[in-house]
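Good morning, and thank you for coming.

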Amino acid sequence: MLNRSFHLEIRTPEQSVYEGDVTSVSAPGVEGNFQILAGHIPFLTALEVGEIRIRESSDTPQLMATSGGVFEVLRTGVTVLVETAEWASEIDVARAESALERAQVQLTTNAPDLNRPRAAAALARAQNRIKVASNL
Amino acid sequence: MATLREIRRRIASIQNIEQVTDAMRVVAAARLRRAQENINATRPYADKLNTILGHLISQMDTENQALTHPLLETREVKHVCIISVSADRGLCGSFNSNVIRTTTQRIGHYQESGADVTLICIGRRSQEHFTRRGYDITDAYVNIFRQLEFQTAVDVVHEFEHLYTEKKIDKVEVIYNNFKSAILQTVLVEQLLPLEPEIPEGDELFLDYIYEPGQVELFEMLLGKHLNMQMWKVLLDSNAAEQAARMAAMENATQKAKELIDELILQRNRARQTQITTEISEIVSGAAALEG
């Protein structure tokens with residue numbers, strides 16, 4: 001019972017990032033982080049910026065940074081649709097840090113044409129990527 | 001009659017052109033392959049998104065909740081936003097001129113019916129064309145096709161979505177080249193907003209989900225994603241169509257260059273023969289004059 005696995009697919013508009021059998025997956029739901037095990041009832045939720053954690057068997061989990069999307073559980077398996085998904089090992093920390101700095105500068109200088117929610121979202125994404133990469 | 005040297009020079013220059021157009025054809029073919037792969041890579045995501053949206057709509061429909069959302073709202077059309085998707089570069093046959101012509105017609109059509117039109121230009125060709133002619137351009141995206149990113153689609157959608165929800169525009173249309181196949185591309189006019197969701201046929205096997213947050217919030221979020229996806233598909237399609245059009249145009253050009261070279265070689269040989277004949281007859285007549 002403990003190690004029952006189920007099918008998981010993670011897709012982005014640009015490619016299919018992951019497909020395989022896993023024993024557990026946890027993700028950042030809009031109402032808090034959650035974990036799904038085999039046999040979960042059908043469930044549909046929105047995801048926030050955060051970290052997806054996949055466990056294939058008892059070994060160490062694989063980490064992924066995401067910027068939000070939809071998470072669907074059906075009897076047949078789990079499908080995650082996210083707009084971006086990056087493996088923790090593939091995150092370019094230098095790039096994330098420069099994005100973070102850019103967003104911070106934008107938010108502090110307060111230019112008249114600034115799109116505040118967008119800059120704040122960029123900030124959250126960059127912070128998340130740095131965090132996920134350091135969790136590796 | 002051109003001299004032998006002139007003909008030789010022309011042959012050499014046309015051979016150069018042929019090499020260039022042939023190289024461009026090869027590059028376009030490689031880019032086309034990549035563009036097609038990109039289109040295919042999108043499909044799993046798009047299909048799944050549509051299925052989920054369909055489930056949700058059918059579920060909301062059975063519970064007799066009217067589907068209401070700012071993006072579904074149909075209003076009297078007074079302000080239209082047209083997104084004109086061209087390429088950044090030329091040398092691709094009638095690809096750009098088709099889009100520009102259809103856009104101009106469409107603008108005329110709306111202006112006749114008393115609506116004013118604002119443009120979002122994607123691709124340098126349409127941006128330059130409409131800027132030069134003083135059209136009202138809200139925004140332009142150039143040089144995006146070299147390295148096509150999903151974020152660009154999101155940015156474009158963001159631009160017209162807030163104009164729509166603020167009721168500054170009542171309708172959004174996109175005009176682009178649809179990639180049918182490597183040899184067929186057609187210009188399409190598609191309505192992006194207001195959205196017209198298809199109500200799917202009931203899926204008997206489907207059991208309702210637990211929703212988190214509520215159905216309505218999820219529906220709103222998915223509509224946004226759906227719109228992003230449609231814009232993304234338009235960009236990918238236009239990109240593939242551009243490469244296919246360029247490939248065909250360059251293949252034609254190479255073919256034409258080959259024909260021209262063949263003809264010039266014939267002319268060159270004729271000129272050379274004439275020259276030799278003249279020389280021989282001069283020598284012969286010179287010798288005859290000496291003997292005489």
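From the N terminus onward, the elements of chain A follow the order β-β-β-β-β-β-β-β-α-α. That gives chain A two helices and eight strands; helices (H or I, at least four residues) and strands (E, at least two) are DSSP runs, numbered from the N terminus.

Before going further, I note that this is a predicted model, in which local features need pLDDT of at least 70 and side-chain atom pairs count only at pLDDT 80 or more, while totals for chains, interfaces and linings use all residues. Residues are numbered from 1 along each chain as its sequence is written, chains are lettered from A and ligands numbered from 1 in the order in which they are written, and side-chain values use heavy atoms, with hydrogens and water left out.

Taken along the principal axes, the C-alpha atoms of chain A fill a box of roughly 55 × 25 × 25 Å. Of the 136 residues in chain A, 47% are buried; buried means under 20% relative accessible area, exposed over 50%, and partly exposed in between, with a 1.4 Å probe and protein chains only. Among contacts in chain A (heavy atoms within 4.5 Å) between residues at least 6 apart in sequence, 51% join residues at least 24 apart.

Let us turn to the strands. β5(A) and strand β6 of chain A, residues 62-74, pair in the antiparallel sense over eleven bridges; two strands count as paired if DSSP finds at least two bridges between them. These two strands form a hairpin, with six residues between them. Within this pairing, Arg53(A) has Leu63(A) in β6(A) as its bridge partner. β5(A) is also joined to strand β3 of chain A, residues 24-29, by four bridges, and this pair runs antiparallel. There, Ser24(A) stands opposite Arg55(A) in β5(A).

Which strand of chain B does β5(A) join? Strand β5 of chain A, residues 43-55, is joined by three bridges to β6(B), and the two run parallel. Phe43(A) stands opposite Ile210(B) in β6(B), and Thr45(A) has Glu212(B) as its bridge partner in that strand.

This brings us to the interface as a whole. In total, 30 residues of chain B are in contact with 25 residues of chain A. The size of an interface is often given as the accessible area lost when the parts come together. Here the buried area is about 2400 Å², and carbon and sulfur atoms give 63% of it; this is the accessible area (1.4 Å probe) that two parts lose on being put together, summed over both.

How many salt bridges cross the interface of chain B and chain A? The rule finds two, a salt bridge being a side-chain nitrogen of Lys or Arg within 4 Å of a carboxyl oxygen of Asp or Glu. In one of them, the side chains of Glu72(A) and Lys48(B) meet at 2.9 Å, N to O.

On the side of chain B that touches chain A, α1 (4-62), α4 (150-165), β6 (210-212) and α5 (215-291) each supply at least two residues. The most comes from α1(B), with nine residues.

Thr79(A) is worth a moment here. This residue is found in strand β7 of chain A, residues 77-82, and counts as buried because its relative accessible area is 9%. Leaving aside neighbours within four places in sequence, Thr79(A) is in contact with Glu9(A), Arg11(A), Val70(A), Phe71(A), Glu72(A) and Lys48(B).

I close with the backbone of chain B. Most residues other than glycine have a negative phi, and most peptide bonds are trans. The bond from Leu193(B) to Pro194(B), however, is cis, with omega near -5°, and Pro194(B) has its place in the loop between β5 (184-193) and β6 of chain B. A cis peptide bond also joins Glu212(B) and Pro213(B), with omega about -5°; Pro213(B) lies in the loop between β6 and α5 of chain B.

Leu91(B), not a glycine, has a positive phi near 55°. Its place is in the loop between β1 (79-85) and α2 (95-112) of chain B. Is Leu91(B) buried or exposed? Leu91(B) counts as exposed, because its relative accessibility is 55%.
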